[in-house]
Amino acid sequence: MFKKFKRNLKIFLLFSYHSLKTAGQSRQAMVFFTLGKVLRFLFLFGIIFLVFSKTKIVAGWSLRQVIILYLTFNLIDTFTQILYREVYRFRPLVLSGNLDLILVKPYHPFLKILVGGADFLDLILFFPYFFLLLFFIFQENISLFSFLWYLVLLINGLIIATAFHIGVLALGLLTAEVDNAIMIYRDLLNLGRFPIEIYQQTIAFIFTFIIPVGIMITFPVKALFNFLSFKNIILAFFLSFFFLLLSIKLWRLGLKKYQSAGG
Amino acid sequence: MINVKNLTKIYKVYRKTGNLLTDIFFRKYENILALDKVSFSIGENELVGFIGPNGAGKTTTLKILSGVLFPTSGYVSVLGFFPFKKKEAFLKQISFVMGQRNQLVFDLPAIDTFLLNKEIYEIDDHLFKKNLQKLTAIFSAEKLIQKPVKMLSLGERMKMEFIAALLHQPKIVFLDEPTIGLDIFSQEAIRGFIKNYQKEFQATIILTSHYLEDVKRLAKRLIIINQGKILYDGSLASVLQKFSHIKYITLILEKELKKEILLKIGKPVAYQFPKVVFQIEKKDLSNVIAYINDKIPYVDLVIEDEKIEAIIKNLFKNHK
């Protein structure tokens, strides 16, 4: 088991090294790409400060709490962008038929098509988000217990994000459609930048139970501030497990139905 | 080593009706029978050529044997495994090279992919060095492995694809149109490589190709497939016996003869003095030779079989 994990880790690191070497070939693109990301981050930070210059509380959340929520969103978003970048390149892989050569390799295909193209440009932003988040969290009076729930629910949120990405891959196998599906995911995730309480009750329900962006982002932060009931924590674990199982089932169905390009 | 019984594969293909609403909401699908109850076995260290026109089912067969595709029905066993289960122990013993697909990282030198494959297939350092040296030597490609793949020509890239696919010494190699799009020199290099590799590593190789020359040069056994059915499975030499009823006789005449004398053999397929070519039925061969020896003064006489390309072409034509 440990040997298998070690080997998979080695393969993952080699894929990541290839990805880094490939990205390093165009230095200008690297600079502009990073600059764009920093500007986007600053712009949204500006909006939050603008909103709170007019009002003290939004849907029961204070400025600092909204900042922590926003940084949590960015942390999850950046982490999935770093790790699951290869999903964005899945469609050409299916259409060109090169996916066939991955399917005959003796490793789980997710090693390549899910996590095989780690994007190190996003890593540049990951650490500022992480340290800013810690900075704002330590400004608050938070118990160790709440902080641990926050971390556990953060991992739970990443499991849901993983399930989303596996679902997109399965869809790619079944329909060769990836681009729109991943953009829908991105748009839905963006709705999680703000507390789900700002949306109408019906929409908040959808974002919790059907498209669980609320569970991914709002729930960990709610747990941090003791806003989340134990019932909801259990529900969050149950839903992430359910979504992961569903996405893996969908992937297996996709493999069975996969027709491959050409030939 | 490979056992296939009644293997069937049906593709579900979306058919456009031209009506936008119907195409979106009431899609029509058509079942395409790619393989129709195909059965064959392949033993150890065999090199089998799969030939057939486009859409015959060659690549589909290879993709099922390698575990890429799930068969609709039938029995498939490769090295004792059901390929689609994609067991690691199975995948470590096979390799797949496709003429127009690639596993090499486009922006990086091929050596990076080789080192990745070393980890994927858990090849120990000594074996990796030995195999890399051997394989690059067969291709005389020692210098190419350090060049970024995007800088290589198609032929050079194909050589690197072969090395990447064979570093782990697979027991079974699936080659799907490996020489497609290559110039004659690269084709020749690839053919030589396949021959050397099989001899050196005792591998079982299944080769599909549009170029009959590949199959003629490499395979002793031939499987001819058309519209998902196997038309022939046997030795290359037996194809002639089984399907060819024709011989060609070429004569270099000593002097010009009256037309009637030549017409007694049959209508020549080509005639330009002093060369004349006849196409005759095999069963008439001895009578015709006796007649020529008796009646026709000639400088040279050559008897040839029908070209294998023509035999196979006729076979496909008759099977339509």
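Q: What is pLDDT?
A: pLDDT is the predictor's confidence in each residue, from 0 to 100.

Q: What kind of model is this, and how is it labelled?
A: This is a predicted model: local features need pLDDT of at least 70, side-chain atom pairs count only at pLDDT 80 or more, and totals for chains, interfaces and linings use all residues. Residues are numbered from 1 along each chain as its sequence is written, while chains are lettered from A and ligands numbered from 1 in the order in which they are written.

Q: Where is confidence lowest and highest in chain A?
A: Strand S1 (residues 57-58) of chain A is lowest, with a mean of 66. Helix H6 (residues 110-113) of chain A is highest, at 95. Helices (H or I, at least four residues) and strands (E, at least two) are DSSP runs, numbered from the N terminus.

Q: And chain A overall?
A: Its mean pLDDT is 85, and 97% of its residues reach 70 or more.

Q: New topic: what order do the strands take in the chain B sheet?
A: The order is S2-S1-S4, in an open sheet of 3 strands with antiparallel pairing. Strands pair if DSSP finds at least two bridges between them.

Q: Which strands stand at the edges?
A: S2 (28-42) and S4 (73-78) of chain B. Each has a single partner strand, so one side of each lacks a neighbour in the sheet.

Q: How many bridges join S1 of chain B to S4(B)?
A: There are 5. One of the pairs is B:Thr8 with B:Ser73.

Q: How many residues does each chain bring to the contact?
A: Chain A gives 23 and chain B gives 27. Residues are in contact if their C-beta atoms, placed from the backbone, lie within 7 Å.

Key
Contact = placed C-beta atoms within 7 Å.
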